[in-house]
Amino acid sequence: MDRILVTGGTGYIGSHTVVELQQAGYPVVIIDNLSNSNRDVLDGIERITGIRPDFVEGDCTDIETLRKLFADYPGIKGIINFAASKAVGESMQKPILYYRNNLNTLMNLLDLMAPNDVKGIVFSSSCTVYGEPDENPVTEQSPIKKATSPYGNTKQISEEIITDVINAGAPFKSVILRYFNPVGAHPSAEIGELPNGVPQNLIPYLTQTAIGIRKELSVFGDDYDTPDGSCIRDYINVVDLAKAHVLAVKRMLEDKSEAKIEIFNLGTGNGVSVLELIDTFEEATGVKVPHKIVGRRAGDIEKVWANPTYANEVLGWKATSTLEDTMCSAWAWQCRLRERGIM
Ligand code: UD1
């Protein structure tokens with residue numbers, strides 16, 4: 001089968017996608033600079049699938065590294081691009097880092113696709129492009145709102161770059177996937193999310209609190225215009241999310257795309273509040289999460305959830321995991337990290 005290049009393939013969503021690709025029979029080569037992951041992830045992937053993916057340690061912002069990769073691994077027909085910086089707060093402090101990493105990586109890949117006969121690229125975008133939506137759930141046609149962080153801006157600009165390059169006649173296709181909030185871990189607990197330092201995102205902070213690394217989870221605001229006053233998101237299981245990438249690659253490689261650029265929302269379609277999520281975690285795992293209500297976090301969106309109909313009907317993808325199972329998987333992963341003495 002055609003070889004797939006997965007940039008950022010040892011990261012959180014990347015590693016889960018490599019597992020699904022290998023299980024679907026695709027040979028994979030990963031490039032990752034290990035800036036926010038480590039080599040042990042390759043062992044986890046191998047334990048789950050029985051296959052160790054090819055791995056290049058390198059930075060996609062360096063086009064010569066990518067040129068060499070294409071020469072060393074011939075027959076790459078698809079690219080899934082996860083190599084990007086992703087912390088909203090950090091992007092406010094280090095905008096150049098974000099624009100350089102996220103945009104140069106994408107442009108280098110797009111530049112090398114035609115000469116290497118690559119047929120398609122899957123791009124990781126985000127529901128952040130919808131900002132604070134006027135209406136929920138959001139469809140792919142909902143208006144794009146001005147980005148509130150350099151991180152969010154890199155996602156919007158990246159979508160525009162892909163569109164411009166393809167409209168200019170590039171001989172390849174793209175599928176842009178707008179993720180809602182990816183959470184959970186592989187059910188084997190062999191791979192999962194491994195944030196550096198103090199987690200900024202809800203689930204890693206919650207599981208670290210549940211296991212006693214953090215004293216208390218702060219719930220950012222209970223005075224929003226939502227039923228219980230806390231913010232609402234669409235929490236999507238990371239394995240469900242990973243499977244969408246396999247479908248996206250397949251449709252481009254098999255010439256099934258309906259247009260040269262397709263955009264899909266990847267969410268469950270259910271909005272869940274922060275307080276509901278904590279309750280679900282506690283009920284599913286039987287473990288208590290000490291928490292307190294604090295003030296709102298600057299920049300937070302009040303409520304956003306997906307209308308995933310287009311992905312359901314056209315991509316043939318649907319989120320199937322329950323939130324309870326997803327919370328149990330996140331907890332099992334946190335416990336595995338403890339067993340291994342990592343956290
Ligand atoms: C943000 C970005 C999203 C990005 C994602 C991953 C925006 C609008 N969203 O999502 O694009 O892909 O990060 O980096 O830029 N919360 C707490 N306590 C905590 C942590 C979070 O109450 O300690 C709440 C937040 O207020 C929010 C929810 O939990 O309501 C989810 O937060 P988080 O996991 O950080 O993701 P987002 O901010 O939704």
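Does Glu190 count as buried or exposed, and at what relative accessibility? Glu190 counts as buried, because its relative accessibility is 17% and buried means under 20%. Please keep in mind that this is a predicted model.

Let me begin with the sheet. Strands of a sheet pair through backbone hydrogen bonds, either parallel or antiparallel. Here, seven strands form an open sheet with parallel pairing, in the order β3-β2-β1-β4-β5-β6-β11. The strands β3 (54–57) and β11 (261–266) stand at the edges, and each has a single partner strand, so one side of each is left without a neighbour in the sheet. On average, neighbouring strands of this sheet are turned by 20° against each other, direction ignored. As one example of pairing, β1 and β2 are joined over four bridges, and Leu5 stands opposite Val29 in β2.

Next, the helices. Helix α6 lies across β5, β6 and β11, and runs at about 150° to β5. Helix α8 lies across β1, β4, β5, β6 and β11, at about 165° to β6.

I now turn to the salt bridges, of which the whole structure holds 26. Glu190 forms one with Arg336, with the closest N and O atoms 3.8 Å apart. This pair links distant parts of the chain, 146 residues apart: Glu190 is in the loop between β7 and α7, and Arg336 is in helix α11. Arg336 is partly exposed, at 21%. Both residues belong to a network of salt bridges that also includes Arg47, Glu339 and Arg340.

A further salt bridge joins Asp223 and Arg296, at 3.0 Å from N to O. The two residues lie in separate loops, so the pair ties together parts that are 73 residues apart in sequence.

Definitions and conventions: Residues are numbered from 1 along each chain as its sequence is written. This is a predicted model: local features need pLDDT of at least 70, side-chain atom pairs count only at pLDDT 80 or more; totals for chains, interfaces and linings use all residues. Side-chain values use heavy atoms; hydrogens and water are left out. Two strands pair if DSSP finds at least two bridges between them. Axes are lines fitted to C-alpha atoms, for helices over the stretch in contact, and angles run from 0 to 180 degrees between N-to-C directions. Contact means heavy atoms within 4.5 Å. A salt bridge is a side-chain nitrogen of Lys or Arg within 4 Å of a carboxyl oxygen of Asp or Glu. Buried means under 20% relative accessible area, exposed over 50%, partly exposed in between (1.4 Å probe, protein chains only).
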